Amino acid sequence: MTAKRLLALGLWPGVFFACRGTRIYTVAMLWIKALHIVFIASWFAGLFYLPRIFVNLAMVAQGSAAERERLLLMSRKLYRFMTVLAVPALALGLVLWLYYGIGRGPGQGWMHAKLGIVVLLLGYHHGCGVILRKFEAGTIQRSHIWFRWFNEAPVLMMLAAVCLVVVKPF
Ligand code: HEM
């Protein structure tokens, strides 16, 4: 591929993009941001699906033992996988923030608000692990209706985080 073509695709090292007012992005920053978004989306797939399995587990609590074991196995595997995915998702976000300085400095309230959402998300993720252990021990008392509401929380957190980072309202 010629240098001209690489330049047009933005793959030539040292090519700078000016976006959103005064921000300057290097190609490396854009690649990191792309990977950040991919890992965040993958992590969220788990945050959305695991509580759905909890809904089913709460419904079969009194029913078939084989079905319960199958759902527990799915939950365990999913929890392990989404924990692994959360690490690069957050690490890449930290690189954009701390290394490249996006969201640092005065007038970047959106970043602080987003970090608040991240703390809530980590709490939710950890809470899923606690619930899973309670299901394994057979000590969970919650109904499937409660888990249906619990399942809505990551939707609201994602909505807030994405709006904050894209719109940057304050
Ligand atoms: C430790 C946690 C995190 C940090 C430090 C972080 C940091 C960042 C930074 C600095 C950017 C670049 C913003 C820009 O280019 O203007 C970014 C982009 C982005 N982040 Fe995060 N992030 C984190 C977690 C999350 C989470 C949990 C979500 C989703 C719910 C998320 C969604 C996004 C999206 C969608 C973008 C692209 C925005 C755009 O290009 O306009 N991030 N992140």
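With 15 C-beta neighbours inside 10 Å, Phe81 counts as partly exposed; a residue is termed buried if 20 or more other C-beta atoms lie within 10 Å of its own, exposed if 12 or fewer, and partly exposed in between, with C-beta atoms placed from the backbone. Phe81 belongs to helix H3. Between the C-alpha atoms of Phe81 and Trp43 the distance is 8.5 Å, although 38 residues separate them in sequence. The model is a predicted one, in which local features need pLDDT of at least 70 and side-chain atom pairs count only at pLDDT 80 or more, while totals for chains, interfaces and linings use all residues. Residues are numbered from 1 along each chain as its sequence is written.

The mean pLDDT of the chain, that is, the predictor's confidence in each residue on a scale from 0 to 100, is 90, and 86% of the residues score at least 70. Over residues 17-21 the pLDDT is below 50, and this stretch has five contacts in the model beyond near neighbours in sequence; two residues are in contact if their C-beta atoms, placed from the backbone, lie within 7 Å. Where pLDDT is low, the predicted coordinates should not be read in detail.

The chain contains six helices and two strands, assigned as DSSP runs (helices: H or I, at least four residues; strands: E, at least two) and numbered from the N terminus. The order of elements from the N terminus is α-β-β-α-α-α-α-α. Of the 170 residues, 19% are buried. Among contacts between residues at least 6 apart in sequence, 72% join residues at least 24 apart.

Helix H3 has 35 residues and should span 51 Å at 1.5 Å a residue; its end C-alpha atoms are 50 Å apart, which agrees. The expected span is 1.5 Å times one less than the number of residues in the helix. The buried residues of H3 are Ser75, Met82, Leu85, Ala86, Ala89, Leu92 and Gly93, and they pack against H2 and H4. Just after H3, Gly101 has a positive phi of about 80°.

The largest nonpolar core comprises 21 residues, of which Phe39, Trp43, Leu50, Phe54, Met82, Leu85 and Ala89 touch the most other members. Such a core is a set of buried Ala, Val, Leu, Ile, Met, Phe, Trp, Tyr and Cys residues joined through C-beta atoms within 7 Å. Two or more residues of this core come from each of H2, H3 and H4, and H2 gives the most, with eleven residues. Leu50 touches Ser75, Leu78, Tyr79, Met82 and Cys128, with residues up to four places away in sequence not counted.

The ligand is surrounded by 18 residues, the closest being Gly93, Leu96, Trp97, Ile102 and Ala161; a residue is near a molecule if its C-beta atom, placed from the backbone, lies within 6 Å of it. Helices H2 (27-60), H3 (65-99), H4 (109-137) and H6 (153-167) each give two or more residues to this shell. By class, the shell has 14 nonpolar, three polar and one charged residues, where Ala, Val, Leu, Ile, Met, Phe, Trp, Tyr, Cys and Pro count as nonpolar, Asp, Glu, Lys and Arg as charged, and the others, Gly among them, as polar.

Trp149 lies in helix H5 (residues 144-150) and counts as exposed, with 11 C-beta neighbours inside 10 Å. The C-alpha atoms of Trp149 and Pro51 are 9.5 Å apart, with the two residues 98 apart in sequence. Val155, located in helix H6, is also classed as exposed, with 12 C-beta neighbours inside 10 Å. A C-alpha separation of 7.7 Å is found between Val155 and Phe48, which lie 107 residues apart along the chain. Lys168 is placed in the segment after H6. The phi of Lys168 is near 45°, a positive value in a residue other than glycine. Lys168 is partly exposed, with 17 other C-beta atoms within 10 Å.
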